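Student: I would like to work through this model one question at a time. Please show it first.

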Amino acid sequence: MKMTKILASVSACALAASAMAISAFAEVTNGNAIGDDGKKFYSVDVLADYDVTAIYGVTFDLTWTDGGKGCGGGVGFNSESTGWKSIEYGNEGSDKALILDANGDFTYTSENPIFAASDTYAQIWVQNWWGAEVTFENITVLGKDGKPLAKKGADDSKGDDTKKDDTKKDDTKKDDTKKDDAKKDDTKKDNTKKDAAKTGDAGVGLALAGLTIAGAAAFVTKKRK
């Protein structure tokens with residue numbers, strides 16, 4: 001065998017081994033599901049927590065062992081209406097639909113709702129096909145305006161707070177009523193005191209009048225004698 005053929009064979013083996021090594025690491029380290037290729041990926045079911053007809057996008061928060069400098073994979077959606085929909089991502093300089101930002105994250109947005117009202121399941125997933133290891137951290141579900149979408153029932157607490165405030169207002173009214181009643185009681189007490197004072201003054205007047213009449217009668221009796 002010629003030396004050139006030997007070198008070519010060695011190079012081919014080296015490339016194959018390198019590809020196998022890269023492929024072995026190309027998965028989501030904390031994935032919660034296994035793909036057809038046997039690699040772990042991460043999937044989030046959003047049907048229970050969100051109004052899926054209001055979902056227009058999603059931001060993926062990921063952590064890469066190399067900062068996402070060399071990677072490739074796919075993200076997508078799984079439901080009756082979408083089927084297994086996949087969008088490829090890659091690092092800066094690649095020709096993929098989604099490009100990782102400086103933090104190794106990326107965002108997908110749609111002009112129309114991603115899911116349908118008739119969907120009985122709605123999943124958002126991320127896979128890593130090649131490159132460094134990646135860890136799934138979180139997703140942020142986005143609404144039509146591109147802002148984070150609130151979960152179902154997120155505004156119920158505000159309604160409860162309003163009710164609590166109304167209760168406080170009612171309690172305040174009750175307190176005011178009690179204060180008014182207390183003032184009325186105090187007024188009655190003051191009036192009672194005034195009435196008692198008037199009665200006392202009248203009694204003193206009658207006593208003095210009695211003494212005056214008695215004195216006059218004694219004087220008249222003396223004169224007659």
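Tutor: One definition before we start: a polar contact is a pair of N or O atoms within 3.5 Å, where one must be able to donate a hydrogen and the other to accept it. Note also that this is a predicted model.

Student: Which backbone nitrogen does the side chain of D119 reach?

Tutor: D119 is found in the loop between β7 (106–109) and β8 (122–131). Its side chain comes to 2.9 Å from a backbone nitrogen, and the cut-off for a polar contact is 3.5 Å. The nitrogen belongs to A116.

Student: With which side chain does the side chain of D119 make a polar contact?

Tutor: Leaving aside neighbours within four places in sequence, D119 is in contact with L47, S79, E80 and S81. The polar contact between side chains has a distance of 3.3 Å. The partner is S79.

Student: How far from D119 is the nearest side chain of opposite charge?

Tutor: D119 is buried yet has no salt bridge. A salt bridge would need a side-chain nitrogen of Lys or Arg within 4 Å of a carboxyl oxygen. The nearest side chain of opposite charge is that of K85, at 11 Å.

Student: Which strands stand at the edges of the sheet?

Tutor: The sheet is open, has mixed pairing and consists of six strands in the order β1-β2-β8-β4-β5-β6. Each edge strand has a single partner strand, so one side of it is left without a neighbour in the sheet. The edge strands are β1 (33–34) and β6 (98–99).

Student: Which residue in β2 stands opposite A33?

Tutor: β1 and β2 (residues 40–45) pair in the antiparallel sense over two bridges. Opposite A33 stands F41.

Student: How many residues apart in sequence are the parts that the pair of F41 and W84 ties together?

Tutor: A search of the whole structure finds nine aromatic pairs. F41 and W84 form one that is edge-to-face, with 6.1 Å centre to centre and 90° between the planes. F41 lies in β2 and W84 in β5 (residues 83–90), so the pair ties together parts whose separation in sequence is 43 residues.

Student: Why is the pair of F77 and Y108 classed as it is?

Tutor: F77 is buried, and so is Y108. Their ring centres are 5.4 Å apart and their planes are at 50°, so the pair is tilted.

Note on methods. Residues numbered from 1 in each chain as written. Predicted model: local features only at pLDDT ≥ 70, side-chain atom pairs only at ≥ 80, totals over all residues. Heavy atoms only, no water. Helix = DSSP H or I, 4+ residues; strand = E, 2+ residues; numbered from the N terminus. Buried < 20%, exposed > 50% of the residue type's maximum accessible area, 1.4 Å probe, protein only. Lys, Arg positive; Asp, Glu negative; His and termini not counted. Contact = heavy atoms within 4.5 Å. Pairing = 2+ DSSP bridges. Phe/Tyr/Trp six-rings, centres within 6.5 Å; stacked < 30°, edge-to-face > 60°.
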